[in-house]
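Let's walk through this fold together, one question at a time. Have a look at the sequence and structure first.

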Amino acid sequence: MKIAVCIKRTPDSESRFKIAASGAAIDEAGLKFDIDDFASYAVEAALQLNEKAGGGESVVIALGPDNVQEALRKAMSMGVDRAVHLKVDAVPADGIAVAKALAAELKDGGYDLVLFGKHAFDSSAGVVGTAVAELLGVPCVTAASQLSVDGGKGIARRELEGAAEMVSFPLPAVVTIDEGVARPRYPSLKGIMAAKKKPLESKPAQLGAIRVTLQKAELPPERPAGRIIGEGVAAVPELVRLLQTEAKVI
Amino acid sequence: MANILVFAESRGSDLRKVAFEAVTAARALADATGGGEVHAVLAGPAGIGARAGDLGKFGADAVLVAESSDFEKFARESLAATIAEKAKSGGYRAVILGFSAQGRDLGPRIAARLDAPIASDVTEIVSSGDTITVKHPGYANKVMLTLVLSGSPVVISVRPSAFTAKENAKTARSETLAPVAASGATITVTSVEEGARGRPDLGDASIIISGGRGLKAAENFKLVEELADAFGHAAVGATRAVTDDGWRPHSDQIGQTGRQVSPQLYVAVGISGAIQHLAGMRTSKTIVAINKDKEAPIFKIADYGIVGDVLDVVPALTAAIKEARKDH
């Protein structure tokens, strides 16, 4: 199969964040960036689908400034065949604009499957993958927690609130990947060496009008410091009293 | 003055809580933009129209009823087309829906069809005029983002439980909305697996009892279930370590890569408090932690911590909660 995986470069989610002087971005100094968590599951899913099928081509695509090339190389070191960099100065907060640029790149690519993470850590919006499917006019399974392809047909599982649905879909299609599909492999030394020679094409992105802008970024208020009220079973009556009189939840 | 279109989410023959929250948010936005009408799309199998009156109670002026057997299994392409076509024809200022499993699937479809800007998982609509300004927690709840949307209409999905459903009695008129068929290839729902009955969803629950590796074995998770039962209408969650080990399904996972929740009370049982987990629950109103390691990071954010073996403390707490709630 020919599979495209669209990834985003995001900061390590375990970082302690600070706000930039502009007040409308995070301070990137000292942060470690990598392929976004859900997107890395999508990369792994693409590799596994083609391994299982015994062949195929995988292409990784990212929109962003030049530093996204690191993330593209990493995906190739995991085993993806080639990469496309859609160049912009900064990734906008407008998911529809990003989707248009990606759809323009994907449209004539002849892909059987296009994978995304279900959302990116930074924007936490989950717009781009689904919007790309709509723009391409192909079926879209969102937040798949299982995915397989058999006889030219896809099968996926989606978790709903308190339920789950199994779906089947024709190809070509877009699938956004949730927890559960695959844990990403670590690049091997051989993979890292091979990735340096794999093709990476860089070209300007066609974003169009930007209609969603980030006006302000703030850190949410800190929780008050935690309090240990006691040890073992002996502390239970005090906990129940506090839940009744202070927290008023029972 | 402009009207607002809102998607009132249902499952089976019932409206979901997020439907009332979305209607409440739509009502507030309509009032803030000069008193336009709120039109709620109620889509489902035949008979769903009977729920229309419930939406009027929360401020809908009109309920647009789209009945089709396809909607029973969330025919998302047709549903998105139906909502988008209505939005196009009606000159709406905004389309509002919940950021639920259904809503997060539909929102971007509708926005792409309308070529409209979209903001997801919104916790506050700050202002509205020529542009609409909203707040949305990004970076797994670690950074609050203020976004400005220009153009009309806009699509906004609201975080479940962020907008408290407010009664605002209207006698909503009911209208029929013809379902629009999907134009291209679609996905087919082959089966739906219902989860454990009798417990609220993690996103709807005001009390969540959550278990981690400190429970030591899958069978000890029954202590978490029993504590949830003692509280009455509580949901049960788990850490990523627990779902990875298969003690609980992935759908129960609370954390950065799982569900993000903000209940009134969150009880962390045998959870050390990895950053991955804290990202999913730190906005809970009151946090209780029970863990044997007093240095565990969960105690840094727990309002009430008990240091101890969960296998001893939890059964005692279950008994005490039952006693305290025996009049309920």
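Two strands pair if DSSP finds at least two bridges between them; helices (H or I, at least four residues) and strands (E, at least two) are DSSP runs, numbered from the N terminus. This is a predicted model, in which local features need pLDDT of at least 70, side-chain atom pairs count only at pLDDT 80 or more, and totals for chains, interfaces and linings use all residues. Residues are numbered from 1 along each chain as its sequence is written, while chains are lettered from A and ligands numbered from 1 in the order in which they are written.

Q: Which strands of chain B stand at the edges of the open sheet?
A: In chain B, 7 strands form an open sheet with parallel pairing, in the order 7-11-6-1-4-5-12.

Q: Which residue of strand 11 of chain B is the bridge partner of A94(B)?
A: Strand 6 (residues 94-98) and strand 11 (residues 154-158) of chain B pair in the parallel sense over 5 bridges. The bridge partner of A94(B) is V154(B).

Q: Is strand 16 of chain B largely enclosed or left open by the rest of the structure?
A: A residue is buried if 20 or more other C-beta atoms lie within 10 Å of its own, exposed if 12 or fewer, and partly exposed in between, with C-beta atoms placed from the backbone. L265(B), V267(B) and V269(B) point one way from strand 16 of chain B, Y266(B) and A268(B) the other way, and all are buried. Because 5 of the 5 residues of strand 16 (residues 265-269) of chain B are buried, this strand is largely enclosed.

Q: Which residue of strand 17 of chain B stands opposite Y266(B)?
A: Strand 16 and strand 17 (residues 286-291) of chain B pair in the parallel sense over 5 bridges. Opposite Y266(B) stands I287(B).

Q: How do helix 3 and helix 4 of chain B lie to each other, and what is the angle class?
A: Axes are lines fitted to C-alpha atoms, for helices over the stretch in contact, and angles run from 0 to 180 degrees between N-to-C directions. Helix 3 (residues 76-90) and helix 4 of chain B pack at about 45°, with their axes 9 Å apart. Angles under 35 degrees count as roughly parallel, over 145 as roughly antiparallel, 65 to 115 as roughly perpendicular and the rest as oblique. That makes helix 3 of chain B, relative to helix 4 of chain B, oblique.
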